[in-house]
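Please keep the structure open beside you as you read.

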Amino acid sequence: MDHSGARVRQIRRRLREEGPEWTRGPELDFVAVTLPERDCDLLRDLLIAERAETVVEIGLAYGSSALAIGEALLAAGRPNPRHLVIDPFQWEAYRDTGWRLLVEAGLDPVADLIREPSSLALPRMLTEGTVADAAFVDGSHRFHEVFLDLYYLRKIVKPGGLIVLDDDWAPSIRTAVRYYERNLGWTVIPEAFARGTRIAAGVRTAERMRGSGGPDVAGPPRCRAVRLPAEPFEPDFDAFQPFGEEDR
């Protein structure tokens, strides 16, 4: 494995300039699905600053964010880097395109691909005693599934660790993470993606494919980074704080 990360950067550059060798169909599918390079770089830099050693990622797709995470793990210089990637649809939907890029980049000694739903993988990881420094969430965008991912990740990611969410503009995702911010002490790190891609309010996937997102769009950052409290706690049942869209 190239511990300098040069091979990873080479694969990332090729993916940016040429796109993946295979996509699901429409030419712009890669643009709509993948995390933009600007945000990948910010994710990488954030994980390097954290000196992350173990990262859980939900959703692999074409591998852009996974390559950035792999680059960060090598650059952080920790003794046992580990990248746990959960994607039950990597073959069915993406023909292993993202995984093949990780292998080509020489990251397979560090990365493990878990080909099952996060609703099954995360509780098993918790039972096995997995502890992560950070997590990147870009799986299902259904509220109940995002909420469940975050429920388990707050137990897997170490106290004071990081969770980064893609597509924070989506009401289902924004609402799910708001519960944890208001009720469990998660703290937003606004500067983490202040220079990242922004998505106009109310934009949907089809509009993203037509290029509605970008650094100069008047809207919230596409990604959100939150820090877990240094001392985990369970709130009293009567301390519940509403967290719906109407409570912004």
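This is a predicted model: local features need pLDDT of at least 70, side-chain atom pairs count only at pLDDT 80 or more; totals for chains, interfaces and linings use all residues.

Strands of a sheet pair through backbone hydrogen bonds, either parallel or antiparallel. For an example inside this sheet, look at β4 (residues 132-137) and β5 (residues 157-165), which pair in the parallel sense over five bridges.

Next, how do helices pack against each other here? Two packed helices are described by the angle between their axes and the distance between the axes. Let's stay with α6 (residues 118-127), whose axis comes within 10 Å of the axis of α7 (residues 143-156), with a crossing of roughly 15°. Angles under 35 degrees count as roughly parallel, and α6 and α7 are therefore roughly parallel to each other. The crossing in which α6 passes α7 is left-handed. On the α6 side, the contact is made by Ser-118, Ser-119, Leu-122, Pro-123, Met-125 and Leu-126, and on the α7 side by Leu-148, Asp-149, Tyr-152, Leu-153, Lys-155 and Ile-156. Sorted by class, these residues are eight nonpolar, two polar and two charged.

A second pair brings together α1 (residues 6-18) and α4 (residues 64-76), which pack at an angle of about 160° with their axes 10 Å apart. Here the cut-off for roughly antiparallel is over 145 degrees, so α1 and α4 are roughly antiparallel to each other. Their crossing is left-handed. Helix α1 contributes Val-8, Arg-9, Ile-11, Arg-12 and Leu-15 to the contact, while α4 contributes Ser-64, Leu-67, Ala-68, Glu-71 and Leu-74. This contact of α1 with α4 divides into six nonpolar, one polar and three charged residues.

Finally, let's visit some loops. Most residues other than glycine have a negative phi, and most peptide bonds are trans. Asp-96, in the loop between β2 and α5 (97-104), has a positive phi near 60°. With a relative accessible area of 14%, Asp-96 is buried. Asp-167, in the loop between β5 and α8, also has a positive phi, of about 55°. The relative accessible area of Asp-167 is 3%, so this residue is buried.

The last stop is Ala-192, in the loop between β6 and α9 (205-209). Which residues does Ala-192 touch, not counting residues up to four places away in sequence? They are Leu-42, Leu-46 and Ala-225. Although Ala-192 and Leu-46 are 146 residues apart along the chain, their C-alpha atoms are separated by 6.9 Å. Ala-192 counts as buried because its relative accessibility is 12%.

Technical notes
Residues are numbered from 1 along each chain as its sequence is written. Side-chain values use heavy atoms; hydrogens and water are left out. Axes are lines fitted to C-alpha atoms, for helices over the stretch in contact, and angles run from 0 to 180 degrees between N-to-C directions. Helices (H or I, at least four residues) and strands (E, at least two) are DSSP runs, numbered from the N terminus. Angles under 35 degrees count as roughly parallel, over 145 as roughly antiparallel, 65 to 115 as roughly perpendicular and the rest as oblique. A crossing is left-handed if the near helix is turned anticlockwise from the far one by less than a right angle, and right-handed if clockwise. Contact means heavy atoms within 4.5 Å. Ala, Val, Leu, Ile, Met, Phe, Trp, Tyr, Cys and Pro count as nonpolar, Asp, Glu, Lys and Arg as charged, and the others, Gly among them, as polar. Two strands pair if DSSP finds at least two bridges between them. Buried means under 20% relative accessible area, exposed over 50%, partly exposed in between (1.4 Å probe, protein chains only).
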